[in-house]
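Thanks, everyone, for making the time this morning. I would like to walk you through one structure, beginning with the whole chain and then moving to a few places within it.

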Amino acid sequence: MTNSNHPNHRAWWKESSVYQIWPASFKDSNNDGIGDIPGIISELDYIKNLGVDIVWLCPSYKSPQVDMGYDIADYYSIADEYGTVADVEKLIQGCHQRGMKLLMDLVVNHTSDQHEWFKQSRSSKDNEYRDWYVWRPPRYDENGNRQPPNNWISHFQGSAWQFDEHTGEYYLHLYATEQPDLNWEHPPVRKAVHDIVRFWLNKGCDGFRMDVINFISKDQNFPDAEVTDERRGWQWGDKFYANGPRLHEYLQGIGKILKEYDAFSVGEMPFVKDEKEVLRAVQFDRNEINMIFNFEHVDIDHGPHANKFEPGSWKLTQLKEFFARWQTFMYANDGWNALYWENHDQPRSIDRFANAPEEYRRVSSKMLAVALALQSGTPFVYQGQEIGMRNVPKEWGIEEYKDIDCLNHWYGELKKDYFNEEAQAIAKQEYQKKSRDNARTPVQWSDAENAGFTGPGVKPWMSVNPDYVRANAAAEVKDPNSTYHFWAAVLGLRKRYLDIFVYGDWVQVDAPSEEVFAFTRQYENQKALVVCNFTPNTLEWNAGSNGVSSVKQVLLNNYDQPTEAAQRFSGAKWSLRPYEAIVSLL
């Protein structure tokens with residue numbers, strides 16, 4: 001039942017959808033093997049025709065590229081391999097001319113160790129920049145051996161602390177050694193971040209995706225983490241660095257500036273399962289951030305001890321429970337969801353969530369589009385998702401992988417005594433399923449050499465997935481029944497029935513099913529039903545026993561035109577083909 005008292009705040013960003021670009025792999029305009037901003041500009045019509053409203057540009061700032069640009073050396077300059085600030089200005093202008101907005105990445109939990117701030121900070125203990133980063137003296141064990149200040153593990157394996165010989169102290173790096181964490185307790189750091197935000201907003205940028213933004217406030221006691229994996233010396237300390245005591249104060253500092261510009265914001269917030277904590281960040285009148293990326297559903301296949309490179313299994317009911325909880329909670333409490341299957345850190349959804357055989361690549365990619373984008377929230381499409389790109393081939397050896405997380409695991413963790421050949425074989429399987437490289441292969445533009453990503457005879461920075469001959473943008477744009485055009489249809493439907501699919505409530509249907517994901521969206525007396533078969537089998541779904549007595553109109557089907565599909569979904573029992581999705585008005 002729709003809550004008639006719901007404040008139902010309307011906002012342009014609720015009605016929008018977002019297309020995410022990983023610049024190194026999008027399109028290479030100058031044949032150096034690396035994607036660049038002029039390459040993005042050349043395909044703005046392709047993005048516009050998909051029906052999205054916002055383009056999100058992943059970090060393109062000056063960087064040594066230890067972590068693909070998430071190690072920033074200068075927030076006011078663009079990496080040479082991607083272009084110039086003038087190119088970004090042209091990109092902003094190109095988006096605006098087409099009625100789209102541009103979102104940039106704000107990476108301010110850490111910088112590169114090559115940033116001038118850090119160079120100054122490590123130069124001496126009394127340098128004016130010393131307090132811009134988190135420095136702590138060593139601890140010593142009972143044998144007098146020097147130890148890091150605590151036992152936290154880095155997200156890229158090993159200790160989260162690095163000893164600096166020059167000043168005899170450790171600095172904190174929750175990611176790579178070359179990514180020291182900023183000290184947000186120090187007011188000049190906050191001012192510097194606010195200056196960066198204003199600089200790009202004044203250039204015409206329309207908002208930011210904020211990298212691990214809930215890590216910026218940390219427990220200043222830096223206590224040891226609980227030992228949850230005795231095989232390792234280092235443990236997850238997220239309890240002490242995620243959602244720290246001053247997080248909301250810091251978010252409101254940025255939010256105040258964003259409100260001035262009516263700018264968009266989405267926060268990446270790992271390790272958040274407490275609904276109230278999320279609500280404090282995203283509730284409409286809090287003026288912090290518009291929405292967050294939740295991680296529960298993309299951690300669903302991780303192994304024990306939160307180790308993504310160990311095998312894990314999941315059931316559809318677990319995935320449905322995640323959506324049901326956040327959909328209903330956000331709607332009831334005037335919050336908002338960011339909806340995504342894929343991004344630059346996650347594998348491809350056809351392989352992860354549909355586990356579809358190649359023959360069902362297309363129908364499964366369309367089903368996933370329906371299941372995601374017609375829920376309550378702002379949908380995010382990641383480059384290549386709209387043409388059904390898949391994970392890297394199983395045959396690829398470790399030499400093809402580029403992801404620092406993956407390589408640190410292979411060359412670090414797996415060389416420890418407690419791992420053996422069997423563990424290495426398992427790890428290789430898990431890399432192919434979950435490595436960030438799955439999302440980072442170059443976009444497949446055509447069936448030409450290098451998939452049209454770069455010129456013939458040029459070696460791309462990362463190998464192209466050889467399946468580009470089967471799945472590429474040129475073929476997809478040409479074919480009216482393609483995944484690309486279906487995504488455009490889904491996003492178009494969301495706009496056409498704005499009240500239902502943007503502002504309507506969300507109610508799960510057939511919750512116990514391990515095969516079908518179904519839900520209704522309702523706004524006042526307008527109601528729609530979405531039914532998705534998550535399996536490669538033909539199923540009979542009992543619409544009648546799930547409260548569906550009749551269908552007024554079929555709006556979308558991933559096999560047939562709506563008028564043809566309508567004949568099949570009139571009775572009490574529906575036959576659902578493999579990965580079939582049906583959207584209807586009730």
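Predicted model: local features only at pLDDT ≥ 70, side-chain atom pairs only at ≥ 80, totals over all residues.

Let me begin with the overall picture. The chain is built from 18 helices and 22 strands. Its radius of gyration is 24 Å, which is close to the 25 Å that the globule rule gives for 586 residues, and so the chain is as compact as a globular protein of that length. If you follow the C-alpha trace along its principal axes, the spans are about 75 × 60 × 50 Å. Of the 586 residues, 61% count as buried, and when we take the contacts between residues at least 6 apart in sequence, 72% of them join residues at least 24 apart. The accessible surface of the chain comes to about 22300 Å², with 47% of that area belonging to carbon and sulfur atoms. As for charge, there are 62 positive and 84 negative side chains, and the centres of these two sets lie 4 Å apart.

Now to the strands, and I will start with strand 11, which covers residues 207–210. Strand 11 pairs in the parallel sense with strand 5, residues 101–106, over three bridges, and it also pairs in the parallel sense with strand 12, residues 264–268, over four bridges. To place this at the level of residues, Met 104 stands opposite Phe 208 of strand 11, while Arg 209 stands opposite Val 266 of strand 12.

Which way do the residues of strand 11 point? In a regular strand, the side chains alternate between the two faces of the sheet. Here Gly 207 and Arg 209 point one way, Phe 208 and Met 210 point the other way, and all of these are buried.

Three strands form an open sheet in the order 6-10-9, with antiparallel pairing. The edges are strand 6, at 135–136, and strand 9, each of which pairs on one side only. Strand 9, residues 161–164, and strand 10, residues 169–172, run antiparallel and are joined by four bridges. Within that pairing, Trp 161 has Leu 172 as its bridge partner, and Gln 162 has Tyr 171. The hairpin made by these two strands has four residues between them, and there Gly 168 takes a positive phi near 70 degrees.

That brings us to Ala 160, which lies in the loop between strand 8, at 146–147, and strand 9. Is Ala 160 buried or exposed? With a relative accessible area of 0%, Ala 160 is buried.

Beyond its neighbours within four places in sequence, Thr 441 is in contact with several residues, including Ser 25, Met 389, Trp 396 and Asn 465.

Definitions and conventions. Residues numbered from 1 in each chain as written. Heavy atoms only, no water. Rg over C-alpha atoms; globule rule 2.2 N^0.38 Å. Buried < 20%, exposed > 50% of the residue type's maximum accessible area, 1.4 Å probe, protein only. Contact = heavy atoms within 4.5 Å. Areas by Shrake-Rupley, 256 points an atom, 1.4 Å probe, with all protein chains shown as cover. Lys, Arg positive; Asp, Glu negative; His and termini not counted. Charge placed at Lys NZ, Arg CZ, Asp CG, Glu CD. Pairing = 2+ DSSP bridges.
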